[in-house]
Amino acid sequence: MIKVTERAKQELKKTLSDNVDTPGAGLRLVARDGGQLGLGVDVENPNDDEVVEFEGSKVLMVEKTLAGTLNEITLDVEDTKEGSRLVLIES
């Protein structure tokens, strides 16, 4: 499963509270074409998701098969001139 720093959890929760009105929805990490990863809004599939929680909220969901391939990846936050952004770091 991907590692998620505390700062990334805070950023995920902020993104959810600022942009998502659907009760119970969270951000889902998905595999895209070309080996890229992306985020989308979704609800948890309790039988097939690994879930990251922060302060009582489900902030990130990853399908178990994808989660098993991300053991050496960390989701963190990087400060840029434009503000904070989520980044993936290979460990």
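Let me begin with a word we will need throughout: contact, or touching, means heavy atoms within 4.5 Å. Before we use it, a quick note on what we have. This is a predicted model, in which local features need pLDDT of at least 70 and side-chain atom pairs count only at pLDDT 80 or more, while totals for chains, interfaces and linings use all residues. Residues are numbered from 1 along each chain as its sequence is written, and side-chain values use heavy atoms, with hydrogens and water left out.

Let's start with V4. You will find V4 in strand β1, residues 3-4; helices (H or I, at least four residues) and strands (E, at least two) are DSSP runs, numbered from the N terminus. Is V4 buried or exposed? V4 counts as buried because its relative accessibility is 15%. The cut-offs are these: buried is under 20% relative accessible area, exposed is over 50%, and partly exposed is in between, using a 1.4 Å probe and protein chains only. Setting aside residues up to four places away in sequence, V4 touches K9, L12, V52, L60 and L75. Along the chain V4 and V77 are 73 residues apart, yet their C-alpha atoms are separated by 9.6 Å.

Take L75 as an example: leaving aside neighbours within four places in sequence, L75 is in contact with I2, K3, V4, T5, A8, L12, L60, L86, V87 and L88.

Now for a charged residue, R28. R28 sits in strand β2, residues 25-31, and counts as buried because its relative accessibility is 11%. What does the side chain of R28 pair with? It makes a polar contact of 2.7 Å with the side chain of D42. A polar contact is a pair of N or O atoms within 3.5 Å; within protein, one must be able to donate a hydrogen and the other to accept it, and residues adjacent in sequence count only if both atoms are side-chain atoms. A polar atom of the R28 side chain also lies 3.2 Å from the backbone oxygen of V43.

On to the loops. D48 and K64 are 16 residues apart along the chain, with their C-alpha atoms separated by 5.7 Å. Beyond neighbours within four places in sequence, D48 is in contact with V62, E63 and K64. N47 is in the loop between β3 and β4, and counts as exposed because its relative accessible area is 67%. In the loop between β4 and β5 is E55, where phi is near 50°, a positive value in a residue other than glycine.

Last stop, the largest pocket, with about 170 Å³ of space. Its lining is K13, L16, S17, V20, T22, G24, A25, S57, K58 and V59. A pocket is found on a 1 Å grid over the protein atoms alone, as an open set of points with protein on both sides within 12 Å along at least five of seven lines; lining residues have an atom within 4 Å of a point. Grid points are joined across faces, edges and corners, and the volume is the space filled by probe spheres set on the points.

Notes: 1 Å grid on protein atoms, 1.4 Å probe; cavity = no way out; pocket = protein on both sides within 12 Å on 5 of 7 lines; lining within 4 Å.
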